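Me: I'm new to this structure and would like to learn how to read its core and its strands. Could you walk me through it?

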Amino acid sequence: MFETVTYEVRGNTAWLTLNRPEKLNAFNAQLNKDVQKAVKEASKDPNIRVIVLTGAGRAFCSGQDLEGVDEQTDLGDVLRTLYNPMVLEIEKCEKPTIAAVNGVAAGAGMSLALACDFRIASEKASFLQAFIHVGLIPDAGNLYFLPRLVGHAKALELAVLGEKIPAEEALRLGLVTRLASADHFLEETAAFAERLASMPTKAIGLIKRNLKASWHENLEEFLERDAQGQRIAGQTEDHREGVEAFLSKRKPVFRGE
Ligand code: LHQ
C-alpha cells in the first residue's frame with residue numbers, strides 16, 4: 001500500500017513500520033509522505049483504535065537522509081512541504097499514537113517519536129538530538145514537544161549538547177512512557193497497544209484535545225471546554241457501559257463508540 005512504510009492491522013491496532021532499514025529508516029521525501037498517508041488512513045478507519053509507529057531493523061529512525069541534502073536545498077521548504085504536514089497529521093489524530101522506539105531515534109526521527117502520545121522504548125533504544133552536530137536546529141515540532149515532556153532547561157540542554165540519551169535515562173527524564181525488554185519488545189508493545197485499544201477511545205481523543213488546548217487557553221475558556229468535552233463523552237456508549245458495569249460489579253467492555 002505504501003512504498004516505504006508497511007501497514008498492518010492487528011486487531012484494532014494499526015502498525016506502521018518505517019521501512020528503509022539500510023539507512024536506519026532515514027527520511028526521504030517518500031517516507032515523509034508515506035508516514036503522513038498511513039497515519040491519515042489509520043485515523044479515518046473506524047476499526048482502528050490505536051496507531052503504533054515503529055522502525056524496521058535495528059533503528060527507529062535516523063532523521064533526515066543526509067545524502068539527499070546539499071547547500072542548494074532550502075530546508076525551510078523541505079519542512080513546510082514534507083515534515084510539517086506529517087507532524088500535523090499525527091498531532092490532529094484523535095486516536096492514541098504510540099512510538100515503539102526499537103532502536104536509535106535521531107534528529108527528525110526523535111521529533112517523530114516526540115509527536116506521538118506515548119513512547120515505548122526498547123532497552124536498546126536511544127535518543128539523539130543530532131541536529132546540532134550538523135549545524136541545524138531541532139525541527140519537525142521537536143522544540144515544541146520536548147519542553148512539554150522534560151521542561152525548558154532540560155530541553156535546551158539536550159538540544160544544545162546533542163548527547164546520546166540511553167533508554168534508561170530517557171525513562172528517568174520522562175521522555176518515554178516505559179521501557180520494554182529488547183527480547184520481547186514487540187510483545188510488550190502489543191500488550192500496551194491492546195490495553196489502549198480496549199479503552200474508551202472517544203474519551204481518550206477528548207483528553208488529548210483538551211490537554212493540548214490547556215497550553216493556550218485561560219481557565220475560564222478551559223472550564224467551558226471541560227463542559228463541552230464531558231457533554232460529548234457523556235453521550236458515548238462507552239460511558240453508558242462503564243457506569244452499567246460498575247453498578248453491576250463486572251468488568252466493562254468498551255467498544256470505542
Ligand atoms: C544515514 C543516516 C542519515 C543517511 C545513518 N542519512 N544515511 C534536516 C534537513 C532537512 C530538513 C528537515 O530536517 C532535518 C532534520 C534532521 O533530521 S537533521 C539530523 C539528521 N540525522 C543525523 O544527523 C543522524 C546521522 N546518523 C547518525 O548520527 C548515526 O548514524 C546514528 C547515531 C543514527 C546511528 O549510528 P550507528 O548505529 O553507529 O550507525 P551508522 O552511523 O554506522 O549508520 C549505519 C548506516 O546508516 C551508515 O551507512 P553505511 O553505508 O556506512 O552502512 C550511515 O551512513 C547510514 N545512515 N543515518 N540520517
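Predicted model: local features only at pLDDT ≥ 70, side-chain atom pairs only at ≥ 80, totals over all residues.

Me: Which residues have the most contacts inside the largest nonpolar core?

Reply: In soluble globular proteins, nonpolar side chains tend to be buried together. A nonpolar core is a set of buried Ala, Val, Leu, Ile, Met, Phe, Trp, Tyr and Cys residues joined through side-chain atoms within 4.5 Å; buried means under 20% relative accessible area, exposed over 50%, partly exposed in between (1.4 Å probe, protein chains only). Here the largest core has 50 residues, and Leu16, Phe27, Val35, Tyr83, Val101, Phe127 and Leu175 have the most contacts inside it. Helix H2 (residues 75–92) gives the largest share, seven residues. Another core, of 13 residues, lies apart from it and includes Ile98 and Leu196.

Me: Why is strand E5 largely enclosed?

Reply: Helices (H or I, at least four residues) and strands (E, at least two) are DSSP runs, numbered from the N terminus. Strand E5 (residues 97–101) is largely enclosed by the rest of the structure because five of its five residues are buried. Thr97, Ala99 and Val101 point one way, Ile98 and Ala100 the other.

Me: Which strands pair with E5?

Reply: Two strands pair if DSSP finds at least two bridges between them. Strand E3 (residues 50–55) is parallel to E5 over four bridges, with Leu53 partnering Ala99. Four bridges also join E5 to the parallel strand E7 (residues 118–122), where Ala121 stands opposite Val101.

Methods: Residues numbered from 1 in each chain as written. Heavy atoms only, no water.
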